[in-house]
Amino acid sequence: AIPMLKKIMARRDECSALLRRKAIFQISQQRSSEREDILLDAARNDPDREVRLQAVFWLSQVNTPKAIDAIQEILNNTDDPSIQERALFALSQMRSARAGQILREWAMGNRSLALREKAIFQLSQQRDPENVSLLEACAYPAAPDSEYGWEKLFSERLYLAFQRNNGFEVHIARYHNIFGPEGAWNNGKEKSPAALARKVAMAPD
C-alpha cells in the first residue's frame, strides 16, 4: 500500500487535496519504515492546510526524536495558530522528556498569550513534577501575606466572573513588577508594566 500512498501524497494539485487527506490517515496506520518520512514531508510541505494539520497530529503517534525535531521546527516557523496549536497537542502526546521541555518553553516564552495558555493546558494533562510551577491549580488555596495580595487575586476572580457571565474574552498575565509615581518609565530602566503603560498612553488613537 505504501508505494501507492506515496504517489498520492506526491501530488500537490488542489484537485487531489481530498484524496491526500484520506491517504494521510492510511499512511499513519502503516507499519513501515517510510511512514515517518512521509508524514514529515506532508507536515512541512503539503500545500493543503488540512493535510498539514493531520500530518502533525499523526506524527504524535510516531514519537521519535526526529518527529519531535520536526514538530518543534513547525512550531517555530509557522504563523498559522491552528497548526501551532495542533503541534502543541502532538508534543503533549509524545510522553518524552524533550517534548515536555519544549512545551514548558512555549508556556513560559515570549509568545502569544493564547498559545501559552494552550501549552499550559496540555502540560496540566500530564503528571510530570516539572510542570507543577506552571499550573494554576497549584496557586490555590492562596495565602497572600497582605490585603494587597488578596486585592490582586480578587481582581482576577472578578474578571473571570465577567467572562463566565457576560462572554467577555479575558486573558490574565501576572507581572512580577509594578509601576508607581516614582518608578522609572522612560529612561531605559523601566520594567515591563511601566513600558507597557507608556506605550499605551503615548499611542495614537
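This report looks at helix packing, salt bridges and one surface patch in a predicted model.

Residues are numbered from 1 along each chain as its sequence is written, and side-chain values use heavy atoms, with hydrogens and water left out. In this predicted model, local features need pLDDT of at least 70 and side-chain atom pairs count only at pLDDT 80 or more, while totals for chains, interfaces and linings use all residues.

**Helix α6**

Start with α6, which covers residues 81-94. Helices here are DSSP runs (H or I, at least four residues), numbered from the N terminus. This helix has 14 residues and reaches 20 Å from its first C-alpha to its last. That is close to the 20 Å expected at 1.5 Å a residue. The expected span is 1.5 Å times one less than the number of residues.

Look at the start of α6. A side-chain oxygen of D80 reaches to within 2.9 Å of the backbone nitrogen of S82. After the helix comes R95, whose phi is positive, near 55°.

Which residues of α6 are buried? They are I83, Q84, A87, L88, A90, L91, S92 and M94. Buried means under 20% relative accessible area, exposed means over 50%, and partly exposed lies in between (1.4 Å probe, protein chains only). The buried residues of α6 pack against α4 (49-59), α5 (65-77), α7 (97-108) and α8 (113-124).

Q122 lies in helix α8. Its relative accessibility is 13%, so Q122 counts as buried. The side chains of Q122 and S92 are joined by a polar contact of 3.2 Å. A polar contact is a pair of N or O atoms within 3.5 Å; within protein, one must be able to donate a hydrogen and the other to accept it, and residues adjacent in sequence count only if both atoms are side-chain atoms. Leaving out residues up to four places away in sequence, Q122 touches L88, F89, S92 and L103. Touching, or contact, means heavy atoms within 4.5 Å.

**Helix α3**

Helix α3 spans residues 35-45, and its buried residues are E36, I38, L39, L40, A42 and A43. What covers them includes α1 (2-10), α2 (17-28), α4 and α5.

**Salt bridges**

How many salt bridges does a search of the whole structure find? The search finds 12. A salt bridge is a side-chain nitrogen of Lys or Arg within 4 Å of a carboxyl oxygen of Asp or Glu.

| Pair | N to O distance |
|---|---|
| R20 and D46 | 2.8 Å |
| K118 and E85 | 3.6 Å |
| R198 and E190 | 2.7 Å |

Take the R20 and D46 salt bridge. R20 lies in helix α2 and D46 in the loop between α3 and α4, so the pair ties together parts that are 26 residues apart in sequence. Are R20 and D46 buried or exposed? Both are buried. R12, R20, D41 and D46 are also linked in a network of salt bridges.

Now take the salt bridge of K118 and E85. This pair links distant parts of the chain, with K118 in helix α8 and E85 in helix α6, 33 residues apart. K118 counts as partly exposed because its relative accessibility is 35%. E85, at 37%, also counts as partly exposed.

**A patch on the surface**

F154, L158, F162 and F168 form a nonpolar patch on the surface. Together they have about 410 Å² of accessible area. Patch residues have over 30% relative accessible area and no salt bridge; like charges are joined within 9 Å, and nonpolar side chains (Val, Leu, Ile, Met, Phe, Trp, Tyr) within 5 Å. Accessible areas come from the Shrake-Rupley method with a 1.4 Å probe; for residues, only the protein chains shown count as cover. F168 sits in the loop between α9 (147-166) and α10 (192-202). Its relative accessibility is 48%, so F168 counts as partly exposed.

Notes. Helix = DSSP H or I, 4+ residues; strand = E, 2+ residues; numbered from the N terminus.
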